[in-house]
Amino acid sequence: MCIRDRATAREIEKWKLRDGDLLLTEGGDLDKLGRGACWRNELPLCIHQNHIFRVRFPSDQYDPDFVSLQVGSPYGKAYFFAHAKKTTGIASINQAVLGAFPLLSPPLDEQHRIAARLKAQLAEVETARQAAQKQLDEVQALPAAHFRHAFGGITPVGVPPHSNEAPARWQWQKINELARLESGHTPSRQRPEWWGGDVSWLSLTEIRELDGKWVECTELRTNAAGIANSSARILPRGTVCLSRTASVGFVAIMSAPMATSQDFANWVCGDGLDPEFLMYALICSRGELRDLATGATHKTIYMPTLEALHLCAPAVEMQRQIAASLRVQLAEVEAAQKAARAQLAEIERLPQRLLAQAFDHSEAPA
């Protein structure tokens with residue numbers, strides 16, 4: 001950092017940085033071990049803190065960029081990992097370890113060529129990475145656009161008074177007039193014989209992964225005795241489950257009869273309400289629903305609020321058409337997101353591959 005008004009002349013002389021200095025952290029997370037950088041005179045009169053190693057090489061023997069790239073390569077990382085002091089995910093190196101680094105040092109002109117080539121390649125990779133990240137960001141924005149189009153630009157679930165006017169042939173109705181609201185319960189954890197049976201039991205531990213999906217079964221399962229000795233109820237296929245506490249706003253649909261914890265609001269839909277349409281409407285309104293949650297420790301949407309919720313919807317046949325269209329669109333988006341993430345991950349692996357090729361060594365540094 002800049003220290004013109006904070007450090008003494010002696011401190012400045014001892015810790016100031018010069019163009020070409022190699023900076024290397026003493027320690028940190030294992031995956032960050034051996035990270036360093038070549039300092040260039042971007043800022044005037046700067047020093048480094050005492051937890052960063054500064055290495056200054058004779059300019060007639062070493063190209064500082066060549067050294068910096070080598071230190072950050074798999075070759076350098078392997079050396080530091082092998083010699084670091086490790087404690088519970090944290091690692092550190094000392095000056096002796098740094099001083100014994102087996103530095104590859106071809107002739108200076110070759111160092112210049114290697115460093116220049118690598119910097120150009122890494123710059124191209126960074127350009128590609130930024131383009132891939134932009135593409136991923138655009139793909140991740142698609143679900144919101146699909147929801148806006150499907151629901152006519154309104155927030156379809158909320159508590160009156162509504163700021164959104166219903167689109168043509170749509171109307172606001174109380175959800176409880178279209179579906180039966182049920183809660184859930186947890187059989188006693190002190191009775192292991194009530195757990196591990198054949199009754200699926202939806203809980204907060206799985207809802208994030210199951211968000212927006214039909215749930216065939218759950219990892220946590222109870223049995224007939226657990227249901228009989230608690231307030232939990234087995235609800236029918238098609239029940240729409242909204243997490244209402246802690247992880248507020250995640251939604252799934254039961255693909256088979258099952259029970260839930262008390263952390264869910266469950267709607268058993270009547271003939272005038274399509275379960276998928278309700279699920280997508282709740283997802284589209286997630287931000288507004290979370291704003292309805294209250295509580296100091298864990299935010300919760302309480303039952304009186306849930307009972308007051310209204311839904312803006314067309315006739316059930318149009319609901320099914322909208323839900324079917326959204327299902328296809330969201331599946332396509334999910335596939336595109338997966339491909340975009342894979343592309344970005346592949347590009348992010350390229351720098352270490354390029355460095356590994358440049359500083360290839362028949363054996364890991366010992």
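Contact means heavy atoms within 4.5 Å. Helices (H or I, at least four residues) and strands (E, at least two) are DSSP runs, numbered from the N terminus.

This is a predicted model: local features need pLDDT of at least 70, side-chain atom pairs count only at pLDDT 80 or more, and totals for chains, interfaces and linings use all residues. Residues are numbered from 1 along each chain as its sequence is written, and side-chain values use heavy atoms, with hydrogens and water left out.

**Exercise 1.** Find which residues of helix α3 are buried, and what covers them.

*Solution.*
Step 1. Buried means under 20% relative accessible area, exposed over 50%, partly exposed in between (1.4 Å probe, protein chains only).
Step 2. Helix α3 runs over residues 74-83, and its Tyr75, Gly76, Tyr79 and Phe80 are buried.
Step 3. These residues lie on the same side of α3, because they cover an arc of only 125° around the axis. The arc is that of the directions from the helix axis to the C-beta atoms.
Step 4. An α-helix has 3.6 residues a turn, so residues three or four places apart point the same way.
Step 5. The cover includes β1 (22-25), α2 (64-71) and α4 (95-99).

**Exercise 2.** Describe the chain as a whole, starting with its helices and strands.

*Solution.*
Step 1. The chain has 13 helices and 17 strands.
Step 2. Its C-alpha trace spans about 85 × 55 × 50 Å along the principal axes.
Step 3. Of the 366 residues, 42% are buried.
Step 4. Take contacts between residues at least 6 apart in sequence: 75% join residues at least 24 apart.
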